[in-house]
Amino acid sequence: MSAVAGPRAATVKNPDVMAPLIQIIDELRDVSRTASRNDLRGRLGMVRARVADTRVRLVVVGPPKSGMSTLVNTMAGAPISATDSAISVPAIVEYGPEPSATLIRREGGGRIRRQPVDPLNPAPALTAKGVIRADFTQPSPLLAEGIVLMDAPGASVQERSTWSMIAAADAVLYVSDADNEYSRDQIAHLHRIGQVCPTVICVLNKIDRNPHWTHVQERNRELLDAAGLGFAVAPVSAAIHQEAQQSGDQQRAIESGLPQLVEHLRDYVVAHADAAAVQSAVRDIRLVGDHLGVTLRTEADALRDPRRRAHVTQQLAIARDQADQLRQRTATWQITLADGSTELMADIEHDLRHRLRILVRDAEAEISRTDPAAHWARFGTDLEARIAEAIAENFDTANYRAEELGEQVAARFPADHRRPELPDIRPQYPAELLENVAPLEPLQSAKAGVTEQFLTALRGSYGGILMVGLATSLLGMSLVNWYSAGAGILLGLHALWEDRRTRRQRRQAEAKVALARLMDDVVFQVGKESRTRLREVQRVLRDHFTDIATDALRTADEALRVAEEAGAQYGDRGAERLARLDSEMGKLRDLRQQADSFVAA
């Protein structure tokens, strides 16, 4: 939290209520030190910071480009976060009598330095090298009520810094775009967020740009209910509220939904800050206590019975061997994934080209049979429909092959380490994919007019009259006679027929060139989109199976390490260590009872 000097905001949480909880947390941290669980000690440190702060910490998270920074700026009443920068860092804004901005930078050697910057235009400084956080103060009425806004980095909610902010928060605003309903991954993220911070408000932003936001809101509500998440869904438009603030239009401000969101925060977050903080802290205390209890009992059992200790060590050694076997068995899954992805991309690209080549052959055959000028517009419409159908079938093939690849990689893992279901790896066919493809070019070679046909026939007949007339003149006949006239008519008709045939062949050749250009453009656009989505499939599968292997190995290695350290470090002082463990377990039970008494009260 910011260390900027100045008056603090109003006190929301009662320090007298929080003091006993802080004492329990401190004692629990001592127990975690005894159990050598530094990870749990760090978790308790974040819980203590949240409980000790008498204000309400509100963290804003969500997918990129969902308007998180705009919402934070609107609620704070100042340009806190950069809305158009590709680089984003955590930003924390609290109440202060005057605007101020301080950057937290990590320099060479790991040193941390605080750098004051212009609070009216902090965005340029946020892109500086080494910036890890930005602290702000603003004389905002909302912040003066005891709310601290924390803008998480504009990246995936899986980032470590984002999860640290969520763990230290009293409530979470999950901001998403009103254009699309929640995906499966977003529901999973919300479920994980609810496990860390139970007070979550889903904000549906940019309703001014999406006329069908009410349908998206209803659908999101259904998805949340189906997942067992009772989070509120608040539709807002930060952009409309900013415009309303500039124009002073109160009715417009109400239409933005921001006043309703702020009122909800006052009624359900600020007003119940004590109860929410107690419930959240007690839940964390129970969770940490359960983990500490397992760790302490495992070590105590090993020290209390040497045979049991040998048995536990043997079992863990077996687990280590199984982990090594798992590592050996899964060493080839990356090769399987890489080879399968390369083959998948090649096969899908070949399938696309094969389907389009069949279309080209059929289209060229149709062009060769008829005069393309007669029905060129209808031909182009039918061709676009057939191209869209071929692309959709190609993407369906990619969906099937992607799932098949996932199953092939999963087969490299033992059945007991495989997750219950694979992630959603089906590349979807976007309807707007062909929008960037230029339409079929119009034909430049038109049919000959009446005048042109007459002149062509006249040129052909002139040669016939002249040639036959000269021959018959040797017989004493005039230049123009019945024979020369008949020859002129025949040669004129022949010249007219040849001209029509030549023009038709020219139009057919031009149509085939236009067809080839269209297909080249389709292959370029669709091929790039297909390769992009298949690479995304590869990344999703890679991350999915990496987590499986890493979790299995980490669990076995950590359990074996604890048992081996217990046997090596306390072998000669087992009785002393056992007494300490029994004392800590008794202390742990007392702390759990004290924490439970808060909930009962």
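Helix H1 (residues 15–34) and helix H12 pack in the predicted model at an angle of about 15°, with their axes 11 Å apart. The two helices, H1 and H12, are therefore roughly parallel to each other, an assignment that applies to angles under 35 degrees. The crossing of H1 with H12 is left-handed. On the H1 side, the contact is formed by Val17, Met18, Leu21, Ile24, Ile25, Leu28, Val31 and Ser32. These residues meet Asp274, Ala277, Val278, Ala281, Val282, Ile285, Val288, Leu292 and Leu296 in H12. Classified by residue type, the contact of H1 with H12 comprises 15 nonpolar, 1 polar and 1 charged residues.

Helix H12 (residues 273–304) is also contacted by helix H2 (residues 38–52), the axes coming within 11 Å and crossing at roughly 165°. This angle makes H2 roughly antiparallel to H12, since it lies over 145 degrees. The crossing of H2 and H12 is left-handed. From H2, the residues Leu40, Arg43, Leu44, Val47, Arg50 and Val51 take part. Their counterparts in H12 are Ser280, Ala281, Asp284, Leu287, Val288, His291 and Leu292. The contact of H2 with H12 divides into 8 nonpolar, 2 polar and 3 charged residues. Ala281, Val288 and Leu292 of H12 are listed in the contact with H1 and in the contact with H2.

The average pLDDT of the chain is 78, and 74% of the residues score at least 70. Among the elements of the chain, strand S8 (residues 200–205) has the highest mean pLDDT, at 92, whereas helix H16 (residues 450–473) has the lowest, at 63. Over residues 1–6, pLDDT stays under 50, and the model has 18 contacts beyond four places in sequence for this stretch.

Technical notes: Residues numbered from 1 in each chain as written. Predicted model: local features only at pLDDT ≥ 70, side-chain atom pairs only at ≥ 80, totals over all residues. Heavy atoms only, no water. pLDDT = per-residue confidence, 0-100. Helix = DSSP H or I, 4+ residues; strand = E, 2+ residues; numbered from the N terminus. Contact = heavy atoms within 4.5 Å. Axes fitted to C-alpha atoms, helices over the stretch in contact; angles between N-to-C directions. Parallel < 35°, antiparallel > 145°, perpendicular 65-115°, else oblique. Left-handed = near helix turned anticlockwise from the far one by under 90°. Nonpolar A, V, L, I, M, F, W, Y, C, P; charged D, E, K, R; others polar.
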